[in-house]
Amino acid sequence: MTRRFLFVLGSARTDGNTELLARRAAEQLPPDVEQQWIRLAEHPLPDFVDVRHDGPVQAPTDDNVQRLLDATLAATDVVIASPVYWYSVSGLTKRYLDHWSGWLRVPGADFRATMAGRTLWGVSVLAEEEEVVADPLVGTLNNSAAYMKMRFGGVLLGNGSAPGDVLKDTRALARAKTFFARDAALARFPHERTGD
């Protein structure tokens, strides 16, 4: 299967630091790798409503939900590009991940089976020097990948606050050059890694 990367941009800011860092990393992908970029702010998703105990789940009726579902299913690699907002993913990103819960039950989508073995990546920029502050964001993505039986490529972290700041983060830019070339292991929950 030809690799196809879906970049899910979860920032409220256009061309923000997280997107800049994601684009730097994407520049290193081979030319035959397909890329699709979706800015969640331009394709707003409705609030997720959990109806799994209310009867059969229907296929999405919202165009943006269907677009994101189709793009996610078509991707071999999903890149969540979300700045650190209150120590985790942005609200736009969280809403997208919440919809995964509904997609698990969409007739004919086979969402979990389709996504199993594919790779989830993260790109994020935070305004803190200490990267440990982003641990909740990293945990959210790792655990989501583990639940879906996906591979997890980790999170490319950069530093910045004002527009363009990340371009001064030479360490993050250097890591971006090889980020997607890394081998991504099957994601595991933290309690499954005990004893490694």
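**Ground rule.** For burial I call a residue buried under 20% relative accessible area, exposed over 50%, and partly exposed in between. By that cut-off K94, at 40% relative accessibility, counts as partly exposed. I also kept in mind that this is a predicted model.

**Entry 1: the K94 pair.** With K94 on the screen, I looked for its charged partner. K94 makes a salt bridge with D98, and their closest N and O atoms are 2.5 Å apart. Why do these two sit about one helical turn from each other? Because K94 and D98 are 4 residues apart in helix α3 (residues 91–103). I noted the general point that residues three or four places apart in an α-helix point the same way, because there are 3.6 residues a turn. D98 is partly exposed, with 26% relative accessibility.

**Entry 2: other salt bridges.** How many salt bridges are there by this rule? I count 10 salt bridges. One of them joins R4 to E34, with the closest N and O atoms 2.4 Å apart. That pair links distant parts of the chain, since R4 lies in strand β1 (residues 4–9) and E34 in strand β2 (residues 34–39), 30 residues apart. R4 is partly exposed at 23% relative accessible area, and E34 is partly exposed at 38%.

Next I checked R39 and E42, whose side chains form a salt bridge at 3.1 Å, N to O. Is each end buried or exposed? R39 is buried, with a relative accessible area of 13%, while E42 is exposed at 51%.

**Entry 3: the sheet.** I then traced the strands. What is the strand order? The open sheet has 6 strands, in the order β2-β1-β3-β4-β5-β6, and its pairing is mixed. β2 and β6 (185–186) are the edge strands, each pairing on one side only.

I went through some of the pairings one by one:

- Strand β3 (residues 77–81) and β4 run parallel, joined by 5 bridges; V78 stands opposite L120 in β4.
- β4 and strand β5 (residues 151–159) also pair in the parallel sense, over 7 bridges; G122 has V155 in β5 as its bridge partner.
- β5 and β6 run antiparallel, with 2 bridges between them; F152 has A185 in β6 as its bridge partner.

**Entry 4: strand β4.** How many residues of β4 are buried? In this strand (residues 119–126), 8 of its 8 residues are buried. I reminded myself that side chains in a regular strand alternate between the two faces of the sheet. On one side of β4 I find T119, W121, V123 and V125, and on the other L120, G122, S124 and L126, all buried.

**Entry 5: D77.** This residue belongs to strand β3. Buried or exposed? D77 is buried, with 2% relative accessibility. Leaving aside residues up to four places away in sequence, D77 touches R3, R4, F5, L6, T119 and W121. I was pleased to meet R4 again here, as it is the residue that bridges to E34.

**Entry 6: helices on the sheet.** Helix α2 (residues 63–74) lies across β1, β2 and β3, and runs at about 150 degrees to β2. Which strands does α5 touch? α5 packs on the sheet against β3, β4 and β5, and its direction makes about 165 degrees with that of β5.

**Entry 7: helix α5.** I finished with this helix (residues 135–147), which makes a right-handed β-α-β unit together with β4 and β5. α5 has 13 residues and spans 18 Å from its first C-alpha to its last, close to the 18 Å expected at 1.5 Å a residue. Which of its residues are buried? They are L137, L141, N142, S144, A145 and A146. The cover over these buried residues includes β3, α3, β4 and β5.

Conventions. Residues numbered from 1 in each chain as written. Predicted model: local features only at pLDDT ≥ 70, side-chain atom pairs only at ≥ 80, totals over all residues. Heavy atoms only, no water. Salt bridge = Lys/Arg side-chain N within 4 Å of Asp/Glu carboxyl O. Buried < 20%, exposed > 50% of the residue type's maximum accessible area, 1.4 Å probe, protein only. Pairing = 2+ DSSP bridges. Right-handed = clockwise from strand over helix to strand, strands pointing away. Contact = heavy atoms within 4.5 Å. Axes fitted to C-alpha atoms, helices over the stretch in contact; angles between N-to-C directions. Expected span 1.5 Å × (residues − 1).
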